[in-house]
Amino acid sequence: MSDNANKVKSSALSTFGDSLQRFKHHSTVTKASSASRSSPRHVTKIEKKRQIHDVSDADDTTNNKSTPSASPSPTKRARISSKYAPPSKYAHLTPLTDTLVPGLICIFVGTNPGVRTATTGHAYAHPSNSFWKLLHSSGCTDRRLQPQQDVDLPRLYSMGNTNIVSRPSKDAGELSKAEMAAGTPILEAKVAKFRPEAVCIVGKGIWEAVWRWRYGREMRKEEFRYGWQDEKERMGRVDGAEWEGARVFVATSTSGLSASTKPAEKEAIWRPFGQWVMQRRGERGIEESVGGRDVKAEPS
């Protein structure tokens, strides 16, 4: 064979080898490292879905701070809201003082003081909050009160105010589920001390927090209802005490940020409680303030 023929043959073999090399499989450590070495190419929809899935798994690992040696948790770990704010953010604000005295007809339980409420020192002080409006329209009060009249509730209407979390924040989203649930035993102790006839929970989220503390799990959808709760859900019961505890009524949130329930629906949910309060005041013969004058309520 001539030298020229050998050169042609050698060149052909080399070209064929290069072509095979293009299809040779190279093992990679991670998808990211493979992508960084490869040239730009079209990414299919299937590959995009796989990439999203991989990123999601990585985020879950980061959020849960799990390690290969850690034992799996029997329940799904609750994540802290992205809006969460530590107590130090509002440490300059003063917690709201409870308006509680023994033997009230009812006490209202809010989530926690808002910034406006903590600043003024009066409950439900933000103009967008419908608490005082709903108290009047439901019949709990004979006239619409102003936030600064919260201190008069026990004397004039045998009602009081407290919260499940004492520290102020901009809204409930800045609290963690854990600290809301942890406020339950404190609330129970207050109810046991002052012994009201009933406790009105001002918002679904508050009752869900109480439920998490009592039962160690999230409340199922079918387990929640507005209105009077079962007898076993009474609050403030103490073992060995003669007192049977306070009945529980769950009402809607009155926050201006709560738009999931329409105003008419809120009034319908609050009305049965207001009617009961009016009835109990009449049965007790408690005097009410009408137009600045104290008058005795007639028994119904």
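**Entry 1: strands**

I began with valine 199 and found that it stands opposite valine 248 in strand 5. I note here that I am reading a predicted model, so every value below is computed from that model. Looking at the strands around this pair, I saw that strand 3 and strand 5 pair in the parallel sense over 5 bridges. Strand 5 also has strand 4 (residues 227-228) as a partner, and here 2 bridges join the two strands, which run antiparallel. Within that pairing, I located tryptophan 228 opposite phenylalanine 249 in strand 5. I then asked myself how many of the residues of strand 5 are buried. The count is 4 of its 5 residues, so I wrote down that the strand is mostly covered, taking buried to mean under 20% relative accessible area.

**Entry 2: aspartate 98**

I turned to aspartate 98, which lies in the loop between helix 3 (45-64) and strand 1 (106-110). Is aspartate 98 buried or partly exposed? Its relative accessibility is 30%, so I counted aspartate 98 as partly exposed. Its contacts, not counting residues up to four places away in sequence, are with Asn161, Thr162, Asn163 and Lys190. The side chains of aspartate 98 and threonine 162 make a polar contact at 2.9 Å. A further polar contact, at 2.8 Å, joins the side chain of aspartate 98 to the side chain of lysine 190.

**Entry 3: salt bridges**

I then went through the charged pairs, since side chains of opposite charge can pair when their charged atoms come close. The count came to 21 salt bridges, and I looked up three of them in detail.

In one of these, arginine 167 pairs with glutamate 179, with the closest N and O atoms 2.9 Å apart. The pair links distant parts of the chain, 12 residues apart, with arginine 167 in the loop between strand 2 (159-163) and helix 7 (177-182) and glutamate 179 in helix 7. Arginine 167 has a relative accessible area of 11%, so I recorded this residue as buried.

Another salt bridge joins the side chains of arginine 212 and glutamate 218, at 3.4 Å from N to O. Here I noted that arginine 212 is buried, at 14% relative accessibility, whereas glutamate 218 is partly exposed, with a relative accessible area of 40%.

In the pair of arginine 280 and glutamate 283, the N to O distance is 2.3 Å. These residues are 3 residues apart in helix 10 (residues 263-284), which means that about one helical turn separates them. Arginine 280 is buried at 18%, while glutamate 283 is partly exposed at 43%. I also found a network in which salt bridges that share partners join Glu188, Arg214, Lys232 and Glu233.

**Entry 4: backbone angles**

Phi of serine 158 is near 55°, and I placed serine 158 in the loop between helix 6 and strand 2. At 6% relative accessibility, serine 158 counts as buried. Phi of arginine 195 is also positive, near 50°, and this residue is found in the loop between helix 8 (184-194) and strand 3. Arginine 195 is partly exposed, with a relative accessible area of 41%.

Terms used: Residues numbered from 1 in each chain as written. Predicted model: local features only at pLDDT ≥ 70, side-chain atom pairs only at ≥ 80, totals over all residues. Heavy atoms only, no water. Salt bridge = Lys/Arg side-chain N within 4 Å of Asp/Glu carboxyl O. Buried < 20%, exposed > 50% of the residue type's maximum accessible area, 1.4 Å probe, protein only. Contact = heavy atoms within 4.5 Å. Polar contact = N/O pair within 3.5 Å; in protein donor to acceptor, adjacent residues only side chain to side chain. Pairing = 2+ DSSP bridges.
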